[in-house]
Amino acid sequence: MTTTAPPERFNFARHLLALNTGRAAKTALIDDQGTLSYGELADQVQRFAGALSALGLRREERVLLLMHDCSDWVVAFLGALHAGVVPVAVNTLLTAQDYAYMLTNSRAQAAIVSAALLPTLQTALDLQPTEVRHLVVSRATEPLPPGAHDFAAIVAGSQPTAAADTHGDEPAFWLFSSGSTGAPKGTVHTQANLYWTAELYGKAVLGLRESDVVFSAAKLFFAYGLGNALSFPLSVGASVVLMAERPTPQACFKRFTQDRPTVFYGAPTGYGGMLASPDLPRKSDVALRLCSSAGEALPQDIGQRWTDHFGVEIIDGIGSTEMLHVFLSNRPGDVRYGTTGKPVPGYEIELRGEDGQPVPDGEIGDLYIKGPSAALMYWNNRAKTRDTFQGGWTKAGDKYTRDAEGYCTYAGRNDDMLKVSGIYVSPFEVEATLVQHPAVLEAAVIGKTDADGLTKTKAFVVLKNGVQATEAELQAFVKEKLAPYKYPRFIEFLPELPKTATGKIQRFRLREREAPEA
């Protein structure tokens, strides 16, 4: 099935509002303070666009969006798009120093912030000069700083405005992409990119329906969460559960049983934590029909145990900030746990060797993607832009293998791969094997130089509460399942693993631990 391209003049917010004109009374958003219907959402989006105009914000100027997940986040994001103003959505778990950098890098003219995050933002504003002229605070419970605006008040007090006549390829919003080193990169996306991910993945692969209630553990400021809880469900008229707090197992279980979502989006670490919880709800207590996973590869064991318990598949895929959402994925009814499936129709992939040429099936190669949702660039970073966005292709920074049937299996990040005895070893393959052991909750594998100067695998292991296992026992377990050269020569037990805000394991932190010993 061919997806129709959006028209040249295209505004994604206007597009969403037009799709839902016949659903004015239907619930669009459910958050910690109440609900918002599609009619109310359309009104507030157009009024917030008017508020930005009244504040003097002009087309293509940036506004920082530092907010916990709630209906105001959606109104602010879509209202900015509607006005042709560019929201810069940022992670709520960062430091004042991070926000100071993002404010100056983006030259944001305004900041929209949740009241709970206002103190951190104020510290950031005091650290160095910025161009911020307006501060808009969402859900304040205390008096606002001098000159600040109350979000609800400026929405209610502004006139609805018509959508800006934007081009589909016009810069529409930013997300920050951060690697293991260096400053975060402002990743610039277009109005049309949101359309493409919703059409190609939300509708065509996940098969979202108007009758669905969706809930994403991944927050809206992530590319994954933005599709999961905004562009995908609102493109089909579904209802969205938004949660401000951290997605702990208990917080997720509360939404599973209270709001009864039919579609849940999580990450492997979250699924593993829920399965390990004694409070895991019964299948009969939830309404799930489909689950999604991204952020890192889903271990086969976790996927299978989830399906055994709830009777629903986890659709595992890989996406990126640069491509906006998932481009390689399993499909409902065609799930092979342990693989990331096949390219999403509308995207192409290549696995390339060190010579830049495609590798044969079964060999590890660098992943490149071609598709319509690629970002325009990294802001003010020409060198990294050229390295990542190569003509029609985008370099993922991941290594994969593909089997004869076209299913792709994750082998690790480019900078995580190990060469042991001259052969590539995927740390993920070793980790996925370790977590199959009944005593192991999580594992991370890196390379360690031994006394002879050779690279060997070292595993950091977190055991389940109240369970014991020895180094020799785990080594023997891996040897039974993988080629002998892959087993971890060293194992260290830790209470927890270092992770990013999305729950990805930070192997570079573990490598730093080993550096003093090197």
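## The second largest pocket

In this predicted model, strand 22 (408–413), strand 24 (423–425) and helix 13 (427–434) each contribute at least two residues to the lining of the second largest pocket. Helix 13 gives the most to this lining, with four residues. The second largest pocket has 22 lining residues, and those nearest its centre are Thr 409, Tyr 410, Ser 426, Glu 429 and Lys 486. Sorted by class, the lining comprises eleven nonpolar, eight polar and three charged residues.

The space in the second largest pocket amounts to about 380 Å³. The second largest pocket lies between domain 2 (189–371 + 381–415) and domain 3 (426–514), because both domains give residues to its lining.

## The enclosed cavity

How many cavities of 30 Å³ or more does a search of the whole structure find? The search finds one. The volume of the largest cavity is about 30 Å³.

The largest cavity is lined by Ala 297, Leu 298, Asp 316, Gly 338, Thr 339, Thr 340, Tyr 410 and Phe 428. Four of these lining residues are nonpolar, three are polar and one is charged.

## Domains and the contact between domains 1 and 2

The chain is divided into three parts: domain 1 (8–19 + 36–167), domain 2 (189–371 + 381–415) and domain 3 (426–514). Taken over C-alpha atoms, the centres of domain 1 and domain 2 are 27 Å apart. Their contact takes 24 residues from domain 1 and 20 residues from domain 2.

The size of an interface is often given as the accessible area lost when the parts come together. Between domain 1 and domain 2, the buried area is about 1,900 Å², and carbon and sulfur atoms give 71% of it. On the domain 1 side, the residues that lose the most area to domain 2 are Phe 12, Tyr 38 and Asp 69, which together account for 36% of what that side buries.

## Two arginines with positive phi

Most residues other than glycine have a negative phi. Arg 107, although not a glycine, has a positive phi of about 55°. Arg 107 is placed in the loop between helix 4 (96–106) and strand 5 (110–114). With 43% relative accessibility, Arg 107 counts as partly exposed.

Arg 260 also has a positive phi, with a value near 50°. The loop that holds Arg 260 runs between helix 9 (249–258) and strand 12 (263–266). Is Arg 260 buried, exposed or partly exposed? Its relative accessibility is 37%, so Arg 260 counts as partly exposed.

Glu 61 occupies the loop between helix 2 (38–54) and strand 3 (62–66). Buried means under 20% relative accessible area; at 13%, Glu 61 is therefore buried. Apart from its neighbours within four places in sequence, Glu 61 is in contact with Gly 56, Val 85, Val 86, Gln 109 and Arg 133. The C-alpha atoms of Glu 61 and Met 377 are separated by 17 Å, with the two residues 316 apart along the chain.

Asp 366 belongs to strand 18 (residues 365–370). A relative accessibility of 15% means that Asp 366 counts as buried. Asp 366 is in contact with Glu 350, Leu 351, Arg 352, Asp 398, Lys 399 and Asn 414, leaving aside its neighbours within four places in sequence. Between the C-alpha atoms of Asp 366 and Lys 395, 29 residues apart along the chain, the separation is 7.9 Å.

## An exposed strand residue

Thr 35 is located in strand 2 (residues 34–37). Is Thr 35 buried or exposed? With 53% relative accessibility, Thr 35 counts as exposed.

Beyond its neighbours within four places in sequence, Thr 35 is in contact with Thr 27, Leu 29, Ile 30 and Glu 40. Thr 35 and Val 90, 55 residues apart along the chain, have C-alpha atoms separated by 24 Å.

Methods. Residues are numbered from 1 along each chain as its sequence is written. This is a predicted model: local features need pLDDT of at least 70, side-chain atom pairs count only at pLDDT 80 or more; totals for chains, interfaces and linings use all residues. Side-chain values use heavy atoms; hydrogens and water are left out. On a 1 Å grid over the protein atoms alone, a cavity is a set of points where a 1.4 Å probe fits but cannot get out, and a pocket is an open set with protein on both sides within 12 Å along at least five of seven lines; lining residues have an atom within 4 Å of a point. Grid points are joined across faces, edges and corners, and a volume is the space filled by probe spheres set on the points. Ala, Val, Leu, Ile, Met, Phe, Trp, Tyr, Cys and Pro count as nonpolar, Asp, Glu, Lys and Arg as charged, and the others, Gly among them, as polar. Domain bounds come from an automatic or database domain assignment. Buried means under 20% relative accessible area, exposed over 50%, partly exposed in between (1.4 Å probe, protein chains only). Contact means heavy atoms within 4.5 Å. Buried area is the accessible area (1.4 Å probe) that two parts lose on being put together, summed over both.
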